[in-house]
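Subject: Structure for your review

Dear colleague,

Please find the structure below, together with its sequence. My findings follow directly after it.

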Amino acid sequence: MHPQSRALLCIYTVWGIIGPVAATKSKVKGSQGQFPITHNVTVVKGGTANLTCRVDQNDNTSLQWANPAQQTLYFDDKKALRDNRIEMLRASWHELSISISDVSLSDEGQYTCSLFTMPVKTSTAFLTVLGVPEQPQISGFKSPIMEGDMIQLTCKTNGSKPAAELRWFKNDQEIRDVHYYKEGDINGKTFSVSSTVDYRGDRRDDGAVVSCRVDHESLNSTPQIAMEVLEIHYKPSVNILPSTPVPQEGQTLTLTCESKGKPRPDPVLWTKDGGELPDPERMTVSGRELTISFLNKTDNGTYRCEAANVIGQSNAEYVLVVHDPNSLAGQTGPDHALIGGIVAVVVFVTLCSIILLGRYLARHKGTYLTNEAKGAEDAPDADTAIINAEGSQVNAEEKKEYFI
């Protein structure tokens, strides 16, 4: 038997003899009603766990810490288990605190603090050991990805306890449509966690960052992340931009062929009406630009720009119509004949209106004056004269009818 074990055996034997006496004394001083106080502890694998047992009132009664296998770690200030990771922090009649460094998953379990009264009183503290997930790895990734191709990405991490959570992101936007898998490791205490996401190549995602993030309580606020940068290859898209919207005779026109694709399509091919450019001296190609100097009517036609890469080919067309500067000036200047016609119509309508108004006023004025003259005799005012005149006309008509 190990000497330390024999010493503990002697301590327990002596305690069995004097225990009742000590317990009797402790009853008198009130420690009989006291229970040791402990707290559960959570620690990350590889960290240090501190176990503390306290008693508010204790009269020279021993305290003991035991591991989940009921092996004594410390009895008061005496170390019972030969484990260099276990150290005493504080030992008194009111407290027994120990530390366990470099904690492993096998250290997890229920630890017991005992107060050796009669009967012995105990309190337990559960030590939880967190398994730290390993750095995640992304598999199934290939670069470059052809536009339209489908790939499946898998992210996996081992060693987490409890099982870690995996989340996918594209740039800063979380990807929700994922599949999550969890399985226990060989030791049965930690977990391997994986997650898959299906992705279809899209040119808009060229250069985007796809990341897999591991969230776990053992990582605090610093998650572990694996990242991949998407490289998408796609066929060109083509567009022709003219240097002027209305080409005119004698001017210089430059057509720029904008082509976007990956890999970059270079060079581009220019044709006119399905054939080669007819006048190389006036029609020059520099990179993506076609320049036509001294435009004339013979340059009219359909110009095509073609761009191709290993993914595919695209083209764009531009219909050139060369305009006569003189005709454009007539079209763009004011129409004086139209303006003159409008002014003439307005003047004619105005004159006609004035003439008709004048004739109407003149007619009514003559009638008024005539009636007034006829009835002026023996009339005190103009209104009476008109009434007398109208009456005279009636009498005259009657007289005239009578003589006939």
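Please note that the model is a predicted one.

For the chain as a whole, the following values were computed. The chain holds four helices and 25 strands. It has 404 residues, of which 35% count as buried. The accessible surface comes to about 24,400 Å², and carbon and sulfur atoms account for 54% of that area. Of the contacts between residues at least 6 apart in sequence, 59% join residues at least 24 apart.

Thr42 is placed in strand 1, residues 41-44. The C-alpha atoms of Thr42 and Leu127 are 5.8 Å apart, although 85 residues separate the two along the chain. Beyond residues up to four places away in sequence, Thr42 touches Thr128 and Leu130. Is Thr42 buried or exposed? With a relative accessibility of 52%, Thr42 counts as exposed.

I turn next to the charged side chains. Side chains of opposite charge can pair when their charged atoms come close. A search of the whole structure returns 18 salt bridges, and the cases below are included for your attention.

Asp107 and Arg85 form a salt bridge in which the closest N and O atoms are 2.7 Å apart. This pair links distant parts of the chain, the two residues being 22 residues apart. Asp107 sits in the loop between strand 7 (95-100) and strand 8 (109-115), while Arg85 sits in the loop between strand 5 (78-79) and strand 6 (86-91). Asp107 is buried, since its relative accessible area is 9%, whereas Arg85 counts as partly exposed at 22% relative accessibility.

Lys78 forms a salt bridge with Asp77, with 3.6 Å between the closest N and O atoms. Here Lys78 counts as partly exposed at 44% relative accessibility, and Asp77 counts as partly exposed at 47%.

The side chains of Arg176 and Glu174 also meet in a salt bridge, at 3.4 Å from N to O. Arg176 counts as exposed because its relative accessibility is 67%. Both residues belong to a network of salt bridges that links Arg167, Glu174, Arg176, Arg213 and Asp215.

Finally, Asn67 is a polar residue whose surroundings I would draw to your attention. Asn67 is found in the loop between strand 3 (63-66) and strand 4 (72-75). Which backbone atoms does the side chain of Asn67 reach? The side chain of Asn67 reaches the backbone nitrogen of Ala69 at 3.0 Å and the backbone nitrogen of Gln71 at 2.7 Å. Leaving aside neighbours within four places in sequence, Asn67 is in contact with Leu73, Leu81, Gln110 and Tyr111. Asn67 is classed as buried because its relative accessible area is 10%, and the class requires a value under 20%.

Yours sincerely,

A colleague

Definitions and conventions: Residues numbered from 1 in each chain as written. Predicted model: local features only at pLDDT ≥ 70, side-chain atom pairs only at ≥ 80, totals over all residues. Heavy atoms only, no water. Buried < 20%, exposed > 50% of the residue type's maximum accessible area, 1.4 Å probe, protein only. Contact = heavy atoms within 4.5 Å. Areas by Shrake-Rupley, 256 points an atom, 1.4 Å probe, with all protein chains shown as cover. Salt bridge = Lys/Arg side-chain N within 4 Å of Asp/Glu carboxyl O. Polar contact = N/O pair within 3.5 Å; in protein donor to acceptor, adjacent residues only side chain to side chain.
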